[in-house]
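Open the model in your viewer and keep the selection tool at hand. The stops below say what to select and what is found there.

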Amino acid sequence: MGEFRRAGRGLINKDNPVHFSFDCKTYQGYEGDTIASALLANGVHLMGRSFKYHRPRGPVGSGFEEPNALVTVTRGKGRMTSNLRATTMEIYSGMEASSQNRWPSLGFDAGAFNNTFSMFFPAGFYNKTFMWPKSFWDKVYEPFIRNMAGLGPAPTEVDADVYGSVYGHCDVLIVGSGPAGLAAAIAAAKKDQSVILVDENAELGGSLNSSPSVVIDGKPASEWRHKTLKALSKASNVTLMARTTAVGYYHDDFVGLSERLTDHLPILEGNQIREKLHRIRAGKVILAQGAIERPLVFDGNDKPGVMLASAAQDYLNVYGVAVGKEAVVFTSHDSAYTAAFELADANIRIAAIVDARIYIPTSLITMASDRGIDVHVGKVLSGTSGKKRVSSAEIYDPTSGAKETIKCDSVLMCGGWTPSLHLWSHSKGSIKWDAETGVYLPDVANENCVSIGASNGDFGFKAALDAGSKIGGGRKTYTVEEPIFGTGEVFSSLPSYKKSSKQKAFVDFQNDVTEKDIKLAVREGFRSIEHVKRYTTNGMATDQGKTSNLNALEIASKALGKEAPQVGLTTFRPPYTPTTFGAFCGYKMDDLFEVTRKTPIDAWAEQQRAVFEPVGVWRRAWYFPKAGEDMHTAVARECKATRDSLGMFDASTLGKIEVVGPDAAKFMNKMYTNPWGSLKVGAARYGLMCREDGYIYDDGVVGRIAEDRFHVTTTTGGAPRVYRHMEDYLQTEFPELDVWLTSTTEHWAVIALNGPNARKLIEPFVEGIDLSPEAFPHMNVREGKIFGLPTRLFRVSFSGELGFEVNVPAQYGKAVWEALYEAGQQYDITPYGTETMHVLRAEKGFIIVGQDTDGTVTPQDAGMSWIVSKKKKDFVGKRSLARPDLTADGRKHLIGLLTEDSNVVLEEGAHIVADPNQPIPMDMLGHVTSSYWSESLGTSVAMALVKDGFKRMDETLYIPMGGGIVHKAKVVKPVFYDPKGERLNVV
Amino acid sequence: MFLIHCPYCDEKRPETEFAHAGEAHIVRPNAAEQSEMTDAQWSEFMFIRDNKRGDSCERWWHVNGCNMFFNAVRNTVTDKFVKTYKMGAKRPSNAQIQKWKEGV
């Protein structure tokens, strides 16, 4: 056992030594050690470098509040995690940890030149410096900032770990397993409540683990803890969860718990879940998170070896580690005396207790002198010396001006205690300022939640235990012997003989924010604490200001000459501590990341080696390349085959809504711009839907199956929103209409057959439908059978060719497709994908809502005034279409473009101008919405939204592409192919 | 994540089953009213919303549930639902909202 280990203390397993490496050097610790405790046991305090000045740093705390000791742990490919707190990472055999933000090494860091020149790096340095010239931004400033930013390295490989996600429920969720949490758990368990008790640490027990002198109900705290945990673990209605952080508190008592399952294990087996996010809906939440000790803000308070008094106490009692050989204690609160005495009793020399207060309980001074410790009353530390470890501290007497230097290898500071309000604030519980203790405390709860013990400002073991028991529903009061927790004073600014500008008194250790930075921010006009925070970056590091927020508030409010509550407190937001993305992601990775909707015919397309594209959440066949074909040649072939003979297309993704009921036609009249009453049974019509604001919302072909039944189709992407739109109006505006709506998108497989041979193909297989052109003209729908299976057969075309859409129940989709494909071989039937579908429709000038329209296009803008009924008294959008702005000059119109060089396929989204030589920024008339190579026409075709486009027919416009390339194009009507529509009627 | 009481299902269900659907009690003018409305009045109906701080009436849709639209009083400061009620019920008075809040 090394010179810094103390026998007979702590929860570590001294029978199981563990070897691990830090910065490539091997150290020995014990099972139960953290990286920090094991390194301290080896006499190592230097564990990291600060963010801005690269100052050498050691651990300030002993837990999740730690700002300084951040490390990177690597365990094989895809398993590197940076910015882990050395104070919470448990060591395991073979662990590889390294320090961060230093180069070339932790001991010698070139970045520390920032420290030497720190006077040039005040608060707001980046905001002030990287301003001009503008041209410097890309090449000089941004690379510089990126290089400086971030502590640990970002992983470059895919995360190899597996994460889990689970929902849970309980009557009572207790956060924190200290005396308050445990007492609450016992009481609630006895009331037959289902209880979940969580604690972020590896060992449950909280402060009980660090308080050997406390006696509860006649038993030492450790024994009481042991007995209580044993009883709780036996209770079937209690779940105990260690290494589990309550990361966020959401509406209606919904709490996210992040459980770390493998980070402490030496060997990972198979697909063990690394971290699991529990989403717990609790009947009631008890917050027993405790309090975090506050550092004191004095010159040199960031040297390795300077730490919180409670942290030194934890290292001694939880890990059996002495943080040094001789320590100076600097405090403004009684509680540090207990820490000092415990350390002294463990053979750590307490060189002095320096207390900034004048009035100190005499009992403490007596107890100190009993141990031979000098108490310096009303004095402060005005500085420390030492580079990579504190070597002495300077005691200053503000009354006499006397200074005294005292040798030490550690300084233990205590500026009071900050109750943890994080989860309470997540839940939007209000807080109140307690002027006496200088802290914020929970006030009025917003959820069914209560804060007890130290997190409620009720310090001491008895107070915590009794509060826990009461809140848990019990009546027990505890008999406790404990050292006095006592009280303290808040010093927002400690006296010093040094000028403020000469001091390095850190408030936020991780982000290197000093007292003078905060004062500077106030001098420069920042008033709100939220602004001071962002300007100085105080509290914005990975520790989110757990140790610094209240000190910053005190300093800012003093500088502003206001009371702290008038300055406010920055907002606490989830997560409470940094949480891996993996935990939030859970199982939703790779194939499970997003639902992929597939049509019934998808498997066939996959077999045929179709190339797919995502369309919303659908996966659609994009094109079907033959050997040696690229997209361009494949699409050209598909287009030509369809126009020449026969193409088949899987249109199953079309949205489908069955509109049924006595008032179905009336309802359709309200929802679409065109009339429906006159539509005969068996006929189909193209419908255009507007929103109430008059802009195009969706379109599609609608067939009237019966007097009271419409088969409505919508765009692929629009199906859910159209259904919602219809339901909304039906339920809320037209409830008098007797209609009901059913989404049938997934019920029908749709096979579109296009080309002059389409009729010939299906004729032999269709029963009960006369397919002759006279009996079944374009834009009609019939019910009958195909291959003996029920079908709704539409004669409709989205290509301009003779076309049919075969609707069959989804389960028959693939069989019917395969049968048609087989039978179609004689016509050289060609399956095509979405790209060819787009080319064919663009050649005809058919719009795609959402591509050729963008939510600001009226039917008139799209050249579709013909479809807007003038007779109907009301339809959704009618009144808005009469607004002057929607009929005014200067609106963008949908027109066609033919490029001067017919080989140039314009880029979709490219901007259009009248004069390419005008000065930048140019007056942009609009943009290209659709653009394709048309194999059938031997030229490119494009559609575009252009200002006053209808008035610009035959005008030449320009499309500047940058780099001196300017395309020239003529404005035409957007129907390029078969403008008379003769091909629809090929016999 | 909220638990929202659907007045049609008469059950509290998780927020993921619901979708927010804008401000409640904005009645769409019928055809005759529309034709009499000035452009200014129409744009008031179309675009102007109270966006109230405090108790506010909202529409919600039980989209992944019973598919019904309903109304709710919710406080936009605390985020809390005060009460949900069926479509067609009148806008509650301030006194009524107060009673609901007091659990009367």
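Start with the boundary between the two chains: 19 residues of chain A are in contact with 17 residues of chain B, where contact means C-beta atoms, placed from the backbone, within 7 Å. This is a predicted model, in which local features need pLDDT of at least 70, side-chain atom pairs count only at pLDDT 80 or more, and totals for chains, interfaces and linings use all residues. Residues are numbered from 1 along each chain as its sequence is written, and chains are lettered from A and ligands numbered from 1 in the order in which they are written.

Colour the chain A side by class: 3 residues are nonpolar, 5 polar and 11 charged (Ala, Val, Leu, Ile, Met, Phe, Trp, Tyr, Cys and Pro are nonpolar; Asp, Glu, Lys and Arg charged; the others, Gly among them, polar).

Next select 719–733 and 878–881 of chain A, helices H20 and H24, which each supply at least two residues to that side; helices are DSSP runs of H or I, at least four residues, numbered from the N terminus. H20(A) gives the most, with 5 residues.

Stay on H20(A). Buried in H20(A) are Ala719(A), Val722(A), Tyr723(A), Met726(A), Leu730(A) and Thr732(A) (20 or more other C-beta atoms within 10 Å of the residue's own).

Last, select 309–319 and 335–345 of chain A. The axes of these helices, H7(A) and H8(A), come within 9 Å and cross at roughly 35 degrees; axes are lines fitted to C-alpha atoms over the stretch in contact, with angles from 0 to 180 degrees between N-to-C directions. Residues meeting there include Leu316(A) in H7(A) and Leu343(A) in H8(A). By class, the contact has 6 nonpolar, 2 polar and 1 charged residues.

Note on methods
A residue is buried if 20 or more other C-beta atoms lie within 10 Å of its own, exposed if 12 or fewer, and partly exposed in between; C-beta atoms are placed from the backbone.
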